[in-house]
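Look over the sequence and the 3D structure below. Some questions and answers follow.

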Amino acid sequence: MSGMRLQLEDIRKNFGETAVLDGVSLHVREGEFVSILGPSGAGKSTLFQLLTGAEHADGGAISVNGASVSGQNRDLAFMPQRDALMPWRSILDNVTLWLEVQGMTRKAARAKVTPLLGEFGLAGFENHYPAQLSGGMRQRAALLRTVVQERSLLLLDEPFGALDALTRTSMQRWLEVMWKRHRWTALLITHDVREAVFLSDRIYVLSARPARVLHEFQIPLPRPRDGSAKGLQEASAIEAAVLETLLIREQAGGPHP
Amino acid sequence: MAIAGLLLAWQLYAELSGISPTTLPSPWRVAQQAWIHKTALYDNALPTVRATLFGFACSLMTAFLLSILMDFSRPLRRALFPVFIISQTLPLVAIAPLVVLWFGFGLVPKIMLVALVTFFPMLVALVQGYEATEKEIAQLLQSMGASRWRVFWLARLPSALPFFFAGLRISITYAVVGAIFAEYAGAAKGLGIYILNAKNNFRPDLVLAAVGVSATLTLVLFGITVLVQRLAMPWHRFEREQAR
């Protein structure tokens, strides 16, 4: 299919006796923002580990840009939970990390990244260490480190989970603006329903372990989603529906309702 | 302050209790005698410093190389660790004369003994430090397609730095003691043999003067490690401020 960036078909994964993923199928099209929402411990992170190549699936197929993936080098850029900035590197050198891993000299990598700092609100902080920055700035640096990789898909693993509520909201708004401007294709893992609804075009809701896709939601809200009264009303209606799906299935008695 | 108080109490006790200076000399007397014998102390301190630094450098390099090998090979780690633990249980009192017997009165046995006492803390600190690498940083590098060696160089090694310096501070204090012990077991020159001779001549004041020199030496070396850490880990300061 054209414009298909990522496709997962019937992915299965067991850890020993425990089934973690029980046939997960989903896809992300070019330019789409898709979220995976699920109860904690449902296997969201396992799914990401399969995508980054840290783990291997026991069954099913993963394809990126129509080609089946195997081995380490995938066309994905990964933004982990918490920022995973290296405390011993300056912000600038954290952001250039991927370029350096690819064999670029530090000097050339710095020159390439420096013009991008302004847009990410990091200008003037390039020589600071991560410990000198606020949580929001650290996350912006982590995102810049991810997009510098110019891969066809961004994998965001609960990127704002560690931030306070206010910072998280402003980061979400900022991310939406940036996503629209740059036409990134993004897959977000979160357990924050509001975050998923605010950012996504589509949401996959996973069941508790072993995880399957319970439901797929379309989010037809207009963009930019700046939080106007009308937008908020529609958003909360969708949030309620998503929440219902999550909670009812959980009450119905776990994995096999 | 604590040291000054302790010295004062000692001085008062030595003067007022009427104890003989050949049993317990006052700190003032120790200082006077140290000044009189300063050339001899200096001449004997030099070989001790040399043995300490060479021995420490040897142990540092060996610990570093082995820690890398052990980080890359789990079987090697399982095989070697018990050997090193056993090496730590060897009583120095027994080992020091043997090493001197085998390798003579020169620099070599001192270097070996200093290396023996400082090697293990350094190795443990490094191996533990590599293990303390944030899992997400390693995972991130893997997702970027970094090789195992790159992950080590970019993430595991810098992550080990705080542990390395903690181990360094412990080791450096052992190092001086190790050198003096080696000299005590047999040497042409050095603080250890100086202490032994002073003791045999019933000069506790000179024993204490030599102890003072070795304590100063340890403090200076300790200070240097703190300074080096500050230079090598400029971000550490901010992390500590943040933790407050």
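**Salt bridges and helices**

Q: Is A:R5 buried or exposed?
A: In this predicted model, the relative accessibility of A:R5 is 18%. Buried means under 20% relative accessible area, exposed over 50%, and partly exposed in between (1.4 Å probe, protein chains only). A:R5 therefore counts as buried.

Q: Which residue forms a salt bridge with A:R5?
A: A salt bridge puts a side-chain nitrogen of Lys or Arg within 4 Å of a carboxyl oxygen of Asp or Glu. Here the closest N and O atoms are 3.5 Å apart, and the partner is A:E30.

Q: How many residues apart in sequence are the parts that this pair ties together?
A: A:R5 lies in strand β1 (residues 4–15) of chain A. A:E30 lies in the loop between β2 (18–29) and β3 (33–37) of chain A, so the parts tied together are apart in sequence by 25 residues. Strands (E, at least two residues) and helices (H or I, at least four) are DSSP runs, numbered from the N terminus.

Q: Is A:E239 buried or exposed?
A: A:E239 forms a salt bridge with A:R194, with the closest N and O atoms 3.2 Å apart. A:R194, at 56% relative accessibility, counts as exposed. A:E239 has 13%, so it counts as buried.

Q: How many of the nine residues of helix α7 (residues 135–143) of chain B are buried?
A: Among the buried ones are B:I137 and B:L140. Helix α7 of chain B is largely enclosed by the rest of the structure, because the buried count is seven.

Conventions:
Residues numbered from 1 in each chain as written. Chains lettered and ligands numbered in written order. Predicted model: local features only at pLDDT ≥ 70, side-chain atom pairs only at ≥ 80, totals over all residues. Heavy atoms only, no water.
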